Amino acid sequence: MAALNGKPGQRCSVAEWESSNRLMSNTAAQSRLASQRIRQEGRALRDETANKTQWDKSDSSRRLSERIQEVSNWKGRLESCAQDVDQEIKVLTKIKEEAEQALSATVVPLEVSTECLTIRERRRGRELLIDPVEAELRKEVEVIGRAQRSLQQRIKKAFQRLSTTPQQWEQFSRYNVSRAEKEMLASLQLREDIILTIAQVQNELQAQYISTNFALRKQAHHLQQAYDGLLWQQKTTKEEIAELERDICGLEEDLRAKEAPLKLVHTRLENRTMRPGVDLCQDQSLPRPDGGLAYIHVTLCGLALAYLTGFCAPSPPRHSLQILKQHEACMEEDLSCKSDALSLEQQSLETRKHLANVSRDQLASGTVTSLTKSTRDGELQP
């Protein structure tokens, strides 16, 4: 028989066929696993999307409700603000006037502080020093100046805001409620700022007045003590001068008193040298061979030494007396300077009595008599 011809093409082996089947089966399994994972992720994503959508919807509804409520509240506030515009203008005007009064009330304290500085500049000598009182007075001038500038700025702002005419405010309230609300809020903030500034000025000025008065009284007390102490020193120095002058006079009298005995001894010794012969001997008629001349010389030398060198002191009596008198003259000048300084301190205290009755209410209401006046924009004019 003739041989059968096989189907043309490459044939695979049984092993290859089995491998192909296994590959096909594994691929199908992996595809199913991938498909299951994708389906699970898809379901999770749908659930998540649905939950987020529901949450966003709920949250948006809540926010919209809150916004509606907020808008309603603001609408009510704006309508109320539009009705209160005229009242706010009146209140702001009153606050501005109070600030002007407070500004006017700072003029007299500034004049008093400046006057006290001028008075204390008349001190002489070593009393013209930079002491705590001067520091407090200069600080007081600085505090008052800073308070005036602060009040002037607030008054100027209030004037600028009030320069808006009532017709414009009414137009804002009718046709632009939001603008009226903004103007209202700005006015409220300005009023609060002015009130806070007035209170701050009151506290700072009152505290500074107390501090300056305390320093001035303390300095006057210390100056009085120094003056009294120097008076006592002057008294004791004068007494010492009188004692030293008496001692110098005593020394001079003692020196003069030794001149006669010295001359007598010299005369006796001279006469005895003229004795003749053996009578010219050292006998017992005189207690000493030199007739007491050496003793008198020693005494005179001691007195002269005491007179010239000052009893073993650093300087002779006459020189010490001159130094004491010079120091007494310096103390006299210093007493004069201290007396003038004490008088000036008392004058400063009397000047500051103008502030003694200035209470916080008077400062706020501007009832203190002022030498200046304020213009409409808060600038002080002489």
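Guide: Helices and strands are taken here as DSSP runs, numbered from the N terminus, a helix having at least four residues and a strand at least two. The model under discussion is predicted.

Visitor: Which pattern does the protein follow along the sequence?

Guide: Read in that direction, the pattern is α-α-α-α-α-α-α-α-α-α-β-β. Of the protein's 382 residues, 30% count as buried.

Visitor: Which residues of α3 are buried?

Guide: The buried residues of α3 are Val107, Val108, Pro109, Val112, Ser113, Cys116, Leu117, Ile119 and Arg120.

Visitor: How does one read a cavity, and how many of 30 Å³ or more does the structure hold?

Guide: Rolling a probe the size of a water molecule over the atoms shows where empty space is left. The structure holds one cavity of 30 Å³ or more, and the volume of the largest cavity is about 40 Å³.

Visitor: Which residues line the largest cavity?

Guide: Its lining consists of Leu117, Arg120, Glu121, Arg123, Glu134 and Arg138. By class, one lining residue is nonpolar, none is polar and five are charged. Helices α3 and α4 (132–162) each supply at least two residues of this lining.

Visitor: Which members of the largest nonpolar core touch the most other members?

Guide: Among the 28 residues of that core, they are Leu151, Ile194, Ile198 and Leu205. Helices α2 (85–105), α3, α4 and α6 (177–257) each supply at least two residues of the core, and α6 gives the most, with nine. Because domain 1 (29–164) and domain 2 (207–272 + 290–362) both give residues to this core, the core lies between them.

Visitor: Let us end with one residue. Where is the place of Ala99, and is Ala99 buried or exposed?

Guide: Ala99 has its place in helix α2. A residue counts as buried under 20% relative accessible area; Ala99 is therefore buried, at 0% relative accessibility.

Visitor: What distance separates the C-alpha atoms of Ala99 and Gln148?

Guide: These two C-alpha atoms are 10.0 Å apart, while Ala99 and Gln148 are 49 residues apart along the chain.

Notes. Residues are numbered from 1 along each chain as its sequence is written. This is a predicted model: local features need pLDDT of at least 70, side-chain atom pairs count only at pLDDT 80 or more; totals for chains, interfaces and linings use all residues. Side-chain values use heavy atoms; hydrogens and water are left out. Buried means under 20% relative accessible area, exposed over 50%, partly exposed in between (1.4 Å probe, protein chains only). On a 1 Å grid over the protein atoms alone, a cavity is a set of points where a 1.4 Å probe fits but cannot get out, and a pocket is an open set with protein on both sides within 12 Å along at least five of seven lines; lining residues have an atom within 4 Å of a point. Grid points are joined across faces, edges and corners, and a volume is the space filled by probe spheres set on the points. Ala, Val, Leu, Ile, Met, Phe, Trp, Tyr, Cys and Pro count as nonpolar, Asp, Glu, Lys and Arg as charged, and the others, Gly among them, as polar. A nonpolar core is a set of buried Ala, Val, Leu, Ile, Met, Phe, Trp, Tyr and Cys residues joined through side-chain atoms within 4.5 Å. Domain bounds come from an automatic or database domain assignment.
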